[in-house]
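Please read this note with the structure open beside you. The points can be checked one at a time.

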Amino acid sequence: MKRQWAWATQVFRSAFVTRCGLAALPLIAGVSFATSQWQVLAVASFALPVLLLGIRPLHARPYRLQLRGGGKVGLDVALDEAMTSSDGNHRCAAVLLELDAQDKLQNAWGADGVETIMATLADRLCSVLRRGDVIVQLDGNRFALALANIRTPELGAIISLIERLQKAASGSIILDDTSTYVTLSAGFCLEHRAPERTAQSLRRAAALALEDAKSKGPEGLRGYSTDTPTPCAATDSCQEEVLEALQSGQIIAWFQPQISTETGQVTGFEALARWNHPTRGILSPAGFLSAMEDANAMEQLSETMLQHALRAIRAWDASGFNIASVAVNFSTQDLRNPSLVERIKWDVDRFEMVPSRLTVEILETVVSENEDDMITRNIRALGSQGYNIDLDDFGTGHASLANIRRFKVDRIKIDRSFVTRADDDPEQRRMINAIVSMAEQMGVKTLAEGVETLGEKSILSQLGCTHMQGYAIARPMPFEQTLVWLKEHQSRLSKMNYVPRRAG
(Lines give C-alpha, C1' and ligand atoms only; values in the text may rest on other atoms or scores of the structure.)
Protein backbone atom coordinates (compact mmCIF):
# COMPACT_ATOMS: atom_id res chain seq x y z
CA MET A 1 0.00 0.00 0.00
CA LYS A 2 2.83 2.42 0.89
CA ARG A 3 4.57 1.62 -2.38
CA GLN A 4 1.37 2.33 -4.34
CA TRP A 5 0.85 5.65 -2.50
CA ALA A 6 4.45 6.67 -3.16
CA TRP A 7 3.99 5.83 -6.85
CA ALA A 8 0.75 7.84 -7.03
CA THR A 9 2.37 10.81 -5.30
CA GLN A 10 5.29 10.71 -7.74
CA VAL A 11 2.90 10.72 -10.67
CA PHE A 12 0.94 13.69 -9.34
CA ARG A 13 4.18 15.60 -8.72
CA SER A 14 5.26 15.31 -12.34
CA ALA A 15 5.11 18.55 -14.35
CA PHE A 16 3.38 16.80 -17.26
CA VAL A 17 0.44 15.59 -15.15
CA THR A 18 0.15 19.02 -13.54
CA ARG A 19 -0.03 20.78 -16.88
CA CYS A 20 -2.53 18.28 -18.27
CA GLY A 21 -4.72 18.47 -15.18
CA LEU A 22 -4.85 22.25 -15.11
CA ALA A 23 -5.39 22.39 -18.86
CA ALA A 24 -8.45 20.16 -18.39
CA LEU A 25 -10.26 22.79 -16.32
CA PRO A 26 -11.59 24.71 -19.39
CA LEU A 27 -12.86 21.41 -20.84
CA ILE A 28 -14.65 20.58 -17.60
CA ALA A 29 -16.11 24.09 -17.58
CA GLY A 30 -17.48 23.60 -21.11
CA VAL A 31 -19.04 20.24 -20.30
CA SER A 32 -20.54 21.63 -17.07
CA PHE A 33 -22.04 24.55 -18.97
CA ALA A 34 -23.52 22.27 -21.64
CA THR A 35 -25.02 19.88 -19.09
CA SER A 36 -25.87 22.52 -16.47
CA GLN A 37 -23.83 20.55 -13.94
CA TRP A 38 -22.44 23.57 -12.04
CA GLN A 39 -21.64 21.45 -9.01
CA VAL A 40 -19.11 19.48 -11.09
CA LEU A 41 -17.41 22.70 -12.19
CA ALA A 42 -17.23 24.04 -8.63
CA VAL A 43 -15.76 20.83 -7.24
CA ALA A 44 -13.27 20.44 -10.11
CA SER A 45 -12.10 24.04 -9.92
CA PHE A 46 -11.21 23.57 -6.27
CA ALA A 47 -10.17 19.92 -6.12
CA LEU A 48 -7.88 19.71 -9.15
CA PRO A 49 -5.50 22.56 -8.13
CA VAL A 50 -5.39 21.29 -4.56
CA LEU A 51 -4.72 17.74 -5.70
CA LEU A 52 -2.07 18.69 -8.23
CA LEU A 53 -0.35 21.54 -6.39
CA GLY A 54 -1.38 21.41 -2.78
CA ILE A 55 0.20 18.06 -1.93
CA ARG A 56 3.68 19.29 -2.90
CA PRO A 57 5.95 20.23 -0.03
CA LEU A 58 6.87 23.90 0.11
CA HIS A 59 10.48 24.37 -0.97
CA ALA A 60 12.44 27.09 0.76
CA ARG A 61 13.96 29.78 -1.44
CA PRO A 62 17.56 28.89 -2.31
CA TYR A 63 19.13 31.50 -0.03
CA ARG A 64 17.24 30.14 2.96
CA LEU A 65 18.90 26.80 2.43
CA GLN A 66 22.39 28.24 1.88
CA LEU A 67 22.53 31.28 4.16
CA ARG A 68 23.48 30.44 7.72
CA GLY A 69 23.93 32.51 10.84
CA GLY A 70 26.51 32.23 13.58
CA GLY A 71 29.21 34.50 12.16
CA LYS A 72 32.75 33.11 12.31
CA VAL A 73 31.65 30.20 14.49
CA GLY A 74 29.00 29.16 11.97
CA LEU A 75 31.51 29.48 9.15
CA ASP A 76 34.07 27.35 10.98
CA VAL A 77 31.46 24.63 11.52
CA ALA A 78 30.65 24.67 7.79
CA LEU A 79 34.34 24.53 6.87
CA ASP A 80 34.87 21.59 9.24
CA GLU A 81 32.00 19.77 7.54
CA ALA A 82 33.47 20.59 4.12
CA MET A 83 36.90 19.24 5.08
CA THR A 84 35.46 15.95 6.32
CA SER A 85 34.08 15.25 2.83
CA SER A 86 37.40 15.95 1.07
CA ASP A 87 39.28 13.16 -0.68
CA GLY A 88 41.79 12.75 -3.48
CA ASN A 89 39.31 13.88 -6.13
CA HIS A 90 37.41 16.59 -4.27
CA ARG A 91 38.59 19.41 -2.01
CA CYS A 92 37.12 22.39 -0.20
CA ALA A 93 37.88 26.12 -0.05
CA ALA A 94 37.04 29.25 1.94
CA VAL A 95 36.05 32.45 0.15
CA LEU A 96 35.58 35.93 1.65
CA LEU A 97 33.75 38.68 -0.22
CA GLU A 98 33.66 42.29 0.98
CA LEU A 99 31.64 45.27 -0.19
CA ASP A 100 33.88 47.93 -1.76
CA ALA A 101 33.64 51.65 -0.89
CA GLN A 102 31.68 51.00 2.30
CA ASP A 103 32.19 54.49 3.74
CA LYS A 104 30.84 56.13 0.59
CA LEU A 105 27.82 53.87 0.54
CA GLN A 106 27.19 54.56 4.22
CA ASN A 107 27.35 58.32 3.62
CA ALA A 108 25.12 58.11 0.56
CA TRP A 109 22.45 55.68 1.78
CA GLY A 110 22.81 55.33 5.53
CA ALA A 111 22.75 52.15 7.59
CA ASP A 112 19.33 51.07 6.28
CA GLY A 113 20.46 51.47 2.69
CA VAL A 114 23.60 49.41 3.23
CA GLU A 115 21.49 46.74 4.95
CA THR A 116 19.23 46.60 1.89
CA ILE A 117 22.29 46.29 -0.35
CA MET A 118 23.63 43.40 1.69
CA ALA A 119 20.27 41.59 1.67
CA THR A 120 20.05 41.96 -2.11
CA LEU A 121 23.61 40.70 -2.51
CA ALA A 122 22.85 37.67 -0.33
CA ASP A 123 20.02 36.66 -2.68
CA ARG A 124 22.17 37.20 -5.76
CA LEU A 125 25.15 35.30 -4.44
CA CYS A 126 23.03 32.34 -3.39
CA SER A 127 21.46 32.19 -6.84
CA VAL A 128 24.94 31.41 -8.20
CA LEU A 129 25.99 28.91 -5.54
CA ARG A 130 25.21 25.20 -5.44
CA ARG A 131 22.59 24.00 -2.97
CA GLY A 132 25.23 22.35 -0.82
CA ASP A 133 27.42 25.46 -0.51
CA VAL A 134 27.21 27.54 2.66
CA ILE A 135 27.27 31.34 2.90
CA VAL A 136 27.56 33.30 6.14
CA GLN A 137 27.30 37.07 6.56
CA LEU A 138 30.07 38.42 8.78
CA ASP A 139 30.58 41.77 10.47
CA GLY A 140 32.00 44.57 8.36
CA ASN A 141 29.78 43.94 5.33
CA ARG A 142 31.50 40.69 4.44
CA PHE A 143 30.24 37.37 3.17
CA ALA A 144 32.09 34.13 3.81
CA LEU A 145 31.62 30.95 1.78
CA ALA A 146 32.40 27.35 2.65
CA LEU A 147 32.66 25.40 -0.58
CA ALA A 148 32.84 21.60 -0.43
CA ASN A 149 33.32 18.84 -3.00
CA ILE A 150 35.20 20.89 -5.58
CA ARG A 151 36.58 18.58 -8.21
CA THR A 152 40.37 18.77 -8.57
CA PRO A 153 42.15 20.68 -9.99
CA GLU A 154 40.11 23.23 -8.11
CA LEU A 155 41.91 26.54 -8.77
CA GLY A 156 40.24 27.26 -12.12
CA ALA A 157 36.81 26.30 -10.77
CA ILE A 158 37.14 28.62 -7.76
CA ILE A 159 38.29 31.60 -9.83
CA SER A 160 35.48 31.04 -12.33
CA LEU A 161 32.90 30.83 -9.52
CA ILE A 162 34.14 34.01 -7.82
CA GLU A 163 34.04 35.91 -11.10
CA ARG A 164 30.41 34.80 -11.54
CA LEU A 165 29.65 35.94 -7.99
CA GLN A 166 31.24 39.34 -8.63
CA LYS A 167 29.28 39.69 -11.87
CA ALA A 168 26.02 38.78 -10.13
CA ALA A 169 26.70 41.43 -7.48
CA SER A 170 27.41 44.16 -10.02
CA GLY A 171 23.85 44.63 -11.30
CA SER A 172 21.91 47.73 -10.33
CA ILE A 173 20.27 47.89 -6.89
CA ILE A 174 17.27 50.19 -6.45
CA LEU A 175 17.38 52.41 -3.36
CA ASP A 176 14.81 55.19 -2.98
CA ASP A 177 13.88 54.81 -6.65
CA THR A 178 17.53 55.33 -7.61
CA SER A 179 19.90 52.81 -9.16
CA THR A 180 23.21 52.23 -7.43
CA TYR A 181 26.02 49.86 -8.34
CA VAL A 182 28.36 48.04 -6.00
CA THR A 183 31.36 45.77 -6.37
CA LEU A 184 32.85 43.02 -4.24
CA SER A 185 36.51 42.27 -3.58
CA ALA A 186 37.32 38.60 -3.01
CA GLY A 187 39.96 36.51 -1.30
CA PHE A 188 40.07 32.73 -1.15
CA CYS A 189 42.15 29.90 0.23
CA LEU A 190 42.25 26.38 -1.13
CA GLU A 191 42.29 23.61 1.41
CA HIS A 192 45.83 22.41 0.69
CA ARG A 193 47.23 25.98 0.70
CA ALA A 194 46.20 26.86 4.26
CA PRO A 195 49.02 26.97 6.85
CA GLU A 196 47.15 24.34 8.90
CA ARG A 197 44.33 21.96 8.06
CA THR A 198 41.81 23.62 10.34
CA ALA A 199 38.74 25.74 9.69
CA GLN A 200 40.26 28.69 11.55
CA SER A 201 43.45 28.57 9.49
CA LEU A 202 41.48 28.33 6.25
CA ARG A 203 39.30 31.30 7.21
CA ARG A 204 42.24 33.48 8.30
CA ALA A 205 44.18 32.69 5.15
CA ALA A 206 41.19 33.73 3.02
CA ALA A 207 40.99 36.97 5.04
CA LEU A 208 44.65 37.72 4.27
CA ALA A 209 43.99 37.10 0.58
CA LEU A 210 41.01 39.47 0.76
CA GLU A 211 43.15 42.24 2.26
CA ASP A 212 45.65 41.72 -0.54
CA ALA A 213 42.84 41.94 -3.12
CA LYS A 214 41.50 45.17 -1.60
CA SER A 215 44.94 46.76 -1.83
CA LYS A 216 44.86 46.33 -5.62
CA GLY A 217 41.69 48.36 -6.11
CA PRO A 218 37.94 47.66 -6.26
CA GLU A 219 36.64 44.25 -7.37
CA GLY A 220 40.03 42.65 -6.76
CA LEU A 221 40.53 38.88 -6.58
CA ARG A 222 43.39 37.11 -4.82
CA GLY A 223 44.15 33.60 -3.63
CA TYR A 224 46.21 32.84 -0.55
CA SER A 225 49.79 31.63 -0.89
CA THR A 226 52.91 31.75 1.23
CA ASP A 227 53.75 35.06 -0.50
CA THR A 228 50.49 36.77 0.49
CA PRO A 229 51.37 39.94 2.46
CA THR A 230 50.19 40.29 6.03
CA PRO A 231 48.44 43.65 6.59
CA CYS A 232 49.86 45.93 9.22
CA ALA A 233 47.52 45.78 12.20
CA ALA A 234 46.91 48.88 14.30
CA THR A 235 49.31 47.83 17.06
CA ASP A 236 52.11 49.72 18.75
CA SER A 237 54.73 47.77 16.80
CA CYS A 238 52.98 48.51 13.51
CA GLN A 239 52.68 52.18 14.36
CA GLU A 240 56.42 52.25 14.95
CA GLU A 241 56.91 50.46 11.64
CA VAL A 242 54.92 52.99 9.60
CA LEU A 243 56.73 55.88 11.29
CA GLU A 244 60.04 54.27 10.42
CA ALA A 245 58.78 53.75 6.85
CA LEU A 246 58.03 57.47 6.56
CA GLN A 247 61.45 58.46 7.87
CA SER A 248 63.37 55.94 5.74
CA GLY A 249 61.62 56.81 2.47
CA GLN A 250 59.72 53.55 2.03
CA ILE A 251 56.45 55.42 1.60
CA ILE A 252 56.44 57.06 -1.81
CA ALA A 253 54.02 58.62 -4.28
CA TRP A 254 52.60 56.83 -7.27
CA PHE A 255 50.85 58.94 -9.88
CA GLN A 256 47.60 58.45 -11.81
CA PRO A 257 47.03 60.68 -14.86
CA GLN A 258 44.03 62.89 -15.45
CA ILE A 259 43.09 63.81 -19.02
CA SER A 260 40.97 66.46 -20.72
CA THR A 261 37.91 65.19 -22.55
CA GLU A 262 38.24 68.20 -24.86
CA THR A 263 41.71 67.43 -26.19
CA GLY A 264 42.79 64.08 -24.74
CA GLN A 265 45.88 65.78 -23.31
CA VAL A 266 47.13 65.05 -19.81
CA THR A 267 46.11 67.95 -17.56
CA GLY A 268 47.41 66.61 -14.26
CA PHE A 269 48.22 63.70 -12.00
CA GLU A 270 47.01 62.62 -8.59
CA ALA A 271 49.67 61.62 -6.07
CA LEU A 272 48.71 58.39 -4.27
CA ALA A 273 50.58 56.91 -1.32
CA ARG A 274 52.27 53.52 -1.66
CA TRP A 275 54.43 51.68 0.87
CA ASN A 276 57.38 49.97 -0.75
CA HIS A 277 57.67 47.41 2.03
CA PRO A 278 60.98 45.50 2.10
CA THR A 279 59.33 42.09 2.55
CA ARG A 280 55.65 42.51 1.59
CA GLY A 281 56.06 44.44 -1.63
CA ILE A 282 53.99 47.44 -2.67
CA LEU A 283 51.12 48.17 -0.28
CA SER A 284 48.25 50.56 -0.96
CA PRO A 285 46.83 52.78 1.83
CA ALA A 286 44.32 50.01 2.67
CA GLY A 287 47.23 48.09 4.15
CA PHE A 288 48.64 50.82 6.40
CA LEU A 289 46.39 53.88 6.63
CA SER A 290 44.66 52.82 9.87
CA ALA A 291 48.03 52.36 11.57
CA MET A 292 49.11 55.74 10.21
CA GLU A 293 46.03 57.40 11.70
CA ASP A 294 46.56 55.70 15.07
CA ALA A 295 50.16 56.93 15.06
CA ASN A 296 48.94 60.51 14.40
CA ALA A 297 51.16 60.57 11.32
CA MET A 298 48.67 61.79 8.71
CA GLU A 299 50.32 65.20 8.50
CA GLN A 300 53.70 63.57 7.95
CA LEU A 301 52.13 61.46 5.20
CA SER A 302 50.66 64.47 3.39
CA GLU A 303 53.99 66.31 3.74
CA THR A 304 55.74 63.32 2.13
CA MET A 305 53.21 63.24 -0.71
CA LEU A 306 53.59 67.00 -1.22
CA GLN A 307 57.37 66.70 -1.48
CA HIS A 308 57.10 63.86 -4.00
CA ALA A 309 54.51 65.78 -6.05
CA LEU A 310 56.58 68.95 -6.28
CA ARG A 311 59.70 66.99 -7.11
CA ALA A 312 57.79 65.16 -9.86
CA ILE A 313 56.53 68.43 -11.39
CA ARG A 314 60.07 69.75 -11.58
CA ALA A 315 61.26 66.51 -13.21
CA TRP A 316 58.42 66.55 -15.76
CA ASP A 317 59.28 70.15 -16.61
CA ALA A 318 62.92 69.18 -17.15
CA SER A 319 61.81 66.34 -19.46
CA GLY A 320 59.68 68.66 -21.58
CA PHE A 321 56.26 67.57 -20.34
CA ASN A 322 53.85 70.35 -19.43
CA ILE A 323 51.86 68.98 -16.51
CA ALA A 324 49.57 71.73 -15.29
CA SER A 325 49.02 70.49 -11.75
CA VAL A 326 49.39 67.59 -9.34
CA ALA A 327 46.68 66.79 -6.78
CA VAL A 328 47.61 65.92 -3.19
CA ASN A 329 45.09 64.69 -0.62
CA PHE A 330 44.91 66.56 2.68
CA SER A 331 43.14 64.98 5.65
CA THR A 332 40.98 66.59 8.32
CA GLN A 333 43.99 66.45 10.63
CA ASP A 334 45.95 68.53 8.10
CA LEU A 335 43.17 71.07 7.65
CA ARG A 336 42.94 71.65 11.40
CA ASN A 337 46.61 72.66 11.57
CA PRO A 338 46.96 76.46 11.95
CA SER A 339 50.32 76.36 10.13
CA LEU A 340 49.10 74.36 7.11
CA VAL A 341 48.96 77.28 4.66
CA GLU A 342 52.43 78.51 5.59
CA ARG A 343 53.84 74.99 5.43
CA ILE A 344 52.49 74.47 1.90
CA LYS A 345 53.68 77.93 0.81
CA TRP A 346 57.18 77.23 2.11
CA ASP A 347 57.46 74.01 0.09
CA VAL A 348 56.00 75.52 -3.10
CA ASP A 349 58.33 78.54 -2.88
CA ARG A 350 61.32 76.30 -2.21
CA PHE A 351 60.66 74.47 -5.48
CA GLU A 352 60.17 77.83 -7.21
CA MET A 353 56.66 77.08 -8.39
CA VAL A 354 53.47 79.07 -8.63
CA PRO A 355 50.55 77.93 -6.43
CA SER A 356 48.45 76.85 -9.45
CA ARG A 357 50.80 73.90 -10.00
CA LEU A 358 49.39 72.29 -6.83
CA THR A 359 45.84 71.00 -6.40
CA VAL A 360 44.63 70.59 -2.83
CA GLU A 361 42.17 67.70 -2.68
CA ILE A 362 39.67 67.61 0.18
CA LEU A 363 36.79 65.26 0.90
CA GLU A 364 33.23 66.51 0.48
CA THR A 365 32.48 65.25 4.01
CA VAL A 366 35.17 67.56 5.43
CA VAL A 367 33.40 70.53 3.88
CA SER A 368 29.90 69.47 4.85
CA GLU A 369 30.36 67.99 8.31
CA ASN A 370 32.94 70.27 9.91
CA GLU A 371 32.22 73.83 10.92
CA ASP A 372 35.61 74.15 12.58
CA ASP A 373 36.86 77.71 12.08
CA MET A 374 40.43 76.59 11.37
CA ILE A 375 39.32 74.20 8.63
CA THR A 376 37.23 76.94 7.03
CA ARG A 377 40.04 79.51 7.24
CA ASN A 378 42.63 77.13 5.80
CA ILE A 379 40.53 76.08 2.79
CA ARG A 380 39.58 79.66 2.01
CA ALA A 381 43.17 80.88 2.40
CA LEU A 382 44.49 78.19 0.06
CA GLY A 383 41.90 79.10 -2.57
CA SER A 384 42.58 82.83 -2.31
CA GLN A 385 46.35 82.27 -2.70
CA GLY A 386 45.87 80.55 -6.04
CA TYR A 387 46.00 76.85 -5.18
CA ASN A 388 43.48 74.70 -7.02
CA ILE A 389 40.78 73.14 -4.81
CA ASP A 390 39.33 69.76 -5.78
CA LEU A 391 36.23 68.56 -3.92
CA ASP A 392 36.57 64.76 -3.78
CA ASP A 393 33.80 62.11 -3.71
CA PHE A 394 31.17 64.61 -4.81
CA GLY A 395 27.64 63.29 -4.44
CA THR A 396 28.31 60.97 -1.50
CA GLY A 397 28.15 63.64 1.22
CA HIS A 398 26.01 66.69 1.80
CA ALA A 399 28.09 69.62 0.55
CA SER A 400 25.91 72.57 -0.35
CA LEU A 401 26.25 74.74 -3.43
CA ALA A 402 27.05 77.63 -1.10
CA ASN A 403 30.12 75.75 0.15
CA ILE A 404 31.37 75.24 -3.41
CA ARG A 405 31.33 79.01 -3.89
CA ARG A 406 32.50 79.84 -0.36
CA PHE A 407 35.65 77.72 -0.69
CA LYS A 408 36.36 78.71 -4.30
CA VAL A 409 36.25 75.10 -5.45
CA ASP A 410 37.82 74.78 -8.91
CA ARG A 411 36.72 71.25 -9.68
CA ILE A 412 34.38 68.62 -8.30
CA LYS A 413 35.30 64.96 -8.60
CA ILE A 414 32.28 62.88 -9.56
CA ASP A 415 32.34 59.79 -7.37
CA ARG A 416 32.91 56.39 -8.94
CA SER A 417 29.48 55.20 -7.74
CA PHE A 418 27.88 57.53 -10.32
CA VAL A 419 30.37 56.64 -13.05
CA THR A 420 29.99 52.85 -12.86
CA ARG A 421 27.81 51.47 -15.70
CA ALA A 422 27.03 54.98 -16.95
CA ASP A 423 27.14 53.67 -20.51
CA ASP A 424 24.43 51.07 -19.74
CA ASP A 425 22.19 52.78 -17.18
CA PRO A 426 20.10 55.82 -18.26
CA GLU A 427 19.61 56.82 -14.63
CA GLN A 428 23.37 56.99 -14.06
CA ARG A 429 23.65 59.21 -17.11
CA ARG A 430 20.90 61.50 -15.81
CA MET A 431 22.73 61.88 -12.49
CA ILE A 432 26.01 62.72 -14.20
CA ASN A 433 24.27 65.10 -16.57
CA ALA A 434 22.69 66.91 -13.61
CA ILE A 435 26.06 67.27 -11.85
CA VAL A 436 27.81 68.45 -15.03
CA SER A 437 25.06 70.94 -15.83
CA MET A 438 25.18 72.36 -12.31
CA ALA A 439 28.97 72.65 -12.49
CA GLU A 440 28.78 74.42 -15.85
CA GLN A 441 26.30 76.92 -14.45
CA MET A 442 28.64 77.62 -11.53
CA GLY A 443 31.77 77.80 -13.67
CA VAL A 444 33.28 74.74 -11.97
CA LYS A 445 35.14 71.98 -13.82
CA THR A 446 34.30 68.29 -13.32
CA LEU A 447 36.53 65.22 -13.04
CA ALA A 448 35.05 61.74 -13.20
CA GLU A 449 37.04 59.26 -11.10
CA GLY A 450 37.05 55.49 -11.37
CA VAL A 451 36.53 55.40 -15.15
CA GLU A 452 37.23 51.74 -15.85
CA THR A 453 35.77 50.91 -19.27
CA LEU A 454 35.89 52.42 -22.75
CA GLY A 455 32.09 52.67 -22.66
CA GLU A 456 32.18 54.79 -19.50
CA LYS A 457 34.97 56.89 -20.98
CA SER A 458 32.96 57.58 -24.13
CA ILE A 459 29.67 58.47 -22.43
CA LEU A 460 31.35 60.78 -19.91
CA SER A 461 32.94 62.69 -22.76
CA GLN A 462 29.55 62.99 -24.49
CA LEU A 463 27.88 64.20 -21.29
CA GLY A 464 30.36 67.05 -21.00
CA CYS A 465 32.54 65.98 -18.07
CA THR A 466 35.72 68.05 -18.50
CA HIS A 467 38.30 65.64 -17.05
CA MET A 468 38.62 61.89 -16.43
CA GLN A 469 40.75 59.59 -14.30
CA GLY A 470 40.71 55.81 -13.91
CA TYR A 471 41.92 52.44 -15.13
CA ALA A 472 40.51 53.08 -18.62
CA ILE A 473 43.14 55.82 -18.94
CA ALA A 474 45.95 54.39 -16.80
CA ARG A 475 46.56 52.74 -13.45
CA PRO A 476 48.63 54.48 -10.76
CA MET A 477 52.35 54.10 -11.49
CA PRO A 478 55.71 55.04 -9.95
CA PHE A 479 57.28 58.26 -11.23
CA GLU A 480 59.78 56.54 -13.54
CA GLN A 481 56.95 54.85 -15.44
CA THR A 482 55.11 58.16 -15.93
CA LEU A 483 57.84 59.36 -18.30
CA VAL A 484 57.40 56.30 -20.52
CA TRP A 485 53.61 56.50 -20.32
CA LEU A 486 53.56 60.20 -21.24
CA LYS A 487 55.65 59.56 -24.36
CA GLU A 488 53.38 56.68 -25.39
CA HIS A 489 50.25 58.76 -24.72
CA GLN A 490 51.51 61.64 -26.84
CA SER A 491 52.37 59.22 -29.62
CA ARG A 492 48.87 57.71 -29.52
CA LEU A 493 47.24 61.14 -29.65
CA SER A 494 49.30 62.16 -32.67
CA LYS A 495 48.08 59.10 -34.60
CA MET A 496 44.39 59.47 -33.90
CA ASN A 497 41.66 61.98 -34.46
CA TYR A 498 40.52 62.67 -30.91
CA VAL A 499 36.78 63.19 -30.68
CA PRO A 500 36.19 66.12 -28.31
CA ARG A 501 33.42 66.22 -25.78
CA ARG A 502 30.15 67.95 -26.59
CA ALA A 503 30.17 71.70 -26.69
CA GLY A 504 29.28 73.39 -23.41
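The points below concern a predicted model, and they take up a pair of helices and then some backbone details.

1. Two packed helices are described by the angle between their axes and the distance between the axes. In this model, helix H11, which covers residues 298–318, packs with helix H13, residues 340–350, at an angle of about 20°, and their axes are 10 Å apart. Because angles under 35 degrees count as roughly parallel, H11 and H13 are roughly parallel to each other, and H11 passes H13 in a right-handed crossing.

2. Which residues meet where H11 and H13 come into contact? From H11 come Glu299, Ser302, Glu303, Leu306, Gln307 and Leu310, while H13 contributes Arg343, Ile344, Asp347, Val348 and Arg350. The residues of this contact divide into 4 nonpolar, 2 polar and 5 charged.

3. The loop between strand S4 (142–151) and helix H7 (155–169) holds Pro153, and here the peptide bond from Thr152 to Pro153 is cis, with omega near -5°.

4. Ala101, found in the loop between strand S2 (90–99) and helix H6 (102–128), has a phi near 55°, which is a positive value in a residue other than glycine.

5. Glu352 lies in the loop between H13 and strand S13 (358–363), and although Glu352 is not a glycine, it has a positive phi of about 55°. With 75% relative accessibility, Glu352 counts as exposed, because the cut-off for exposed is over 50%.

Key: Residues are numbered from 1 along each chain as its sequence is written. This is a predicted model: local features need pLDDT of at least 70, side-chain atom pairs count only at pLDDT 80 or more; totals for chains, interfaces and linings use all residues. Side-chain values use heavy atoms; hydrogens and water are left out. Axes are lines fitted to C-alpha atoms, for helices over the stretch in contact, and angles run from 0 to 180 degrees between N-to-C directions. Helices (H or I, at least four residues) and strands (E, at least two) are DSSP runs, numbered from the N terminus. Angles under 35 degrees count as roughly parallel, over 145 as roughly antiparallel, 65 to 115 as roughly perpendicular and the rest as oblique. A crossing is left-handed if the near helix is turned anticlockwise from the far one by less than a right angle, and right-handed if clockwise. Contact means heavy atoms within 4.5 Å. Ala, Val, Leu, Ile, Met, Phe, Trp, Tyr, Cys and Pro count as nonpolar, Asp, Glu, Lys and Arg as charged, and the others, Gly among them, as polar. Buried means under 20% relative accessible area, exposed over 50%, partly exposed in between (1.4 Å probe, protein chains only).
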